[in-house]
Amino acid sequence: MKNLKNKVPLFILIIFCFLGCKSTTQWKGQEPIKKVSTLTVPIQRQYKGVFDLGDGIFISNDYSGARMNGVARTNDTLLSVLITPENLPINPSPWYGFKIWSETEKDQYVKLTYNEDAFHRYFPKLSKNGSTWEALDSLRYTSVKKIFNERELAESITMKLSLSKDTLWISAQELITSPEVDSWTNKLMTNAYVTKSTIGESNEGRPINLLKIGESNDQRMIMVISRQHPPEVTGFLAMQAFIETISADTDLAKRFRATYNTYVVPLVNPDGADNGHWRHNYGGVDLNRDWESFNQPETRAIRDFMRQKTTQTGGKFYFGVDFHSTWEDIFYTISPELKGNMPGLVPKVISGLENEFPGYKPNIRPSPGTGTKINSTAFFFFEFGAESFTYEVGDNTPREFVRKKGEVTAIKLMEQLLK
């Protein structure tokens, strides 16, 4: 994906506009996590192909990361696209993605519709090459709204698209699937201190890849994971910035890599990302509810790696972080009353982050601290004593702020761990 250039004046304006426009009352976060069954259940696969809609218009979901479960011409000017999940019940985070083109230049209305209990969450992104994205102009976008769980949200949207022979990509968020992740990791591996291995396979046989960043003796380690939930791209972008900062050619990063090894699974759910799932893996399961039962191969691979590493080396994981996306930026932390391998680490990192951005007040929600290892953050802490948090990034958080915040988080973490 195209990297944004650092333009400090513009960046500062973006941050303060973003912060200034937010409500003065911080979001309370999602409801506490509940234990659910994580046994494998059937999923609905898409029928993929190129569909002729008449009048010289074609639409396709025949590529990695696409999601389009049906399409029909409603009238001369409107196409209706149906988006349904991989299975039910499911957290309503409808991912969509398709390509569209026309034999002649024309404007075309395209309506996205969902199943009854779902809503439209992600503002449409457009691309002419599948790698460089921009948000659809809001003047070319209308919605039909209703109340979902006390929020006014869209049950359908209609886009006005300018079509031509050149393919136009439509996506819920930037399209980042296994090939894009592999390309990114291969760039990191041009550094001698970055290596990649495979620690397991997904339900469909895709590799669960692990990066090792560092040159220490594994007595001190940190664990980083991302994309348990396929649509949560902003969390992945923050993770990229975080890891690139740890991998950088700076004095701080060099000292850190000499003392700590960082282990990273950048794409925990490759099946979900490549199949355009709303939330689940190919086993029809929310992986971030499987960190106690370990019914799914993706979570087992990470568990087995971490256990094997600590057993073989006698080392410790001092920190663990899981990158996600949600409505707004928030940190889900372990209760500060509980002490792990480095008590006080997480509050100090978040406080350091706050000090770098005037006017920014981190949204922090500690867990009840019951010891239940349902999600990854609790597993890192209660199994290994790793100070940990879930790093949630807002769906619409400005991308430059996402990146800068990820960079600063890594810097503050390295500084604290080296003290």
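Two strands are taken to pair if DSSP finds at least two bridges between them, and strands (E, at least two residues) and helices (H or I, at least four residues) are DSSP runs numbered from the N terminus. The model is predicted, so that local features need pLDDT of at least 70 and side-chain atom pairs count only at pLDDT 80 or more, while totals for chains, interfaces and linings use all residues. Residues are numbered from 1 along each chain as its sequence is written, and side-chain values use heavy atoms, with hydrogens and water left out.

View 1. Strand E9 (residues 141-148) runs antiparallel to E10, to which it is joined by eight bridges, and isoleucine 147 has glutamate 152 of E10 as its bridge partner. Two residues lie between the strands of this hairpin, where asparagine 149 takes a positive phi near 50°. Strand E10 (residues 151-163) also pairs with strand E6 (residues 106-114), again in the antiparallel sense and over eight bridges, with lysine 106 standing opposite leucine 163 of E10.

**View 2. The open sheet of six strands.** The strands follow one another in the order E1-E2-E5-E11-E7-E8, and their pairing is antiparallel. Strand E1 (50-54) and strand E8 (134-135) stand at the edges with a single partner strand each, so one side of each is left without a neighbour in the sheet. Within this sheet, strand E7 (residues 125-127) and strand E11 (residues 168-171) are paired in the antiparallel sense over three bridges, and leucine 126 has isoleucine 170 of E11 as its bridge partner.

**View 3. The packing of helix H4 against helix H9.** Helix H4 (residues 251-259) and helix H9 (residues 399-417) pack at an angle of about 55°, their axes being 10 Å apart, where axes are lines fitted to C-alpha atoms, for helices over the stretch in contact, and angles run from 0 to 180 degrees between N-to-C directions. H4 and H9 are therefore oblique to each other (angles under 35 degrees count as roughly parallel, over 145 as roughly antiparallel, 65 to 115 as roughly perpendicular and the rest as oblique). The contact (heavy atoms within 4.5 Å) is made by Leu252, Ala253 and Phe256 of H4 together with Ile411, Met414, Glu415 and Leu417 of H9.

**View 4. A salt bridge between arginine 399 and glutamate 174.** Here a salt bridge is a side-chain nitrogen of Lys or Arg within 4 Å of a carboxyl oxygen of Asp or Glu, and the structure holds 26 of them. In the pair of arginine 399 and glutamate 174, the closest N and O atoms are 2.8 Å apart. Arginine 399 lies in helix H9 and glutamate 174 in the loop between E11 and helix H2 (178-188), so the pair ties together parts that are 225 residues apart in sequence.
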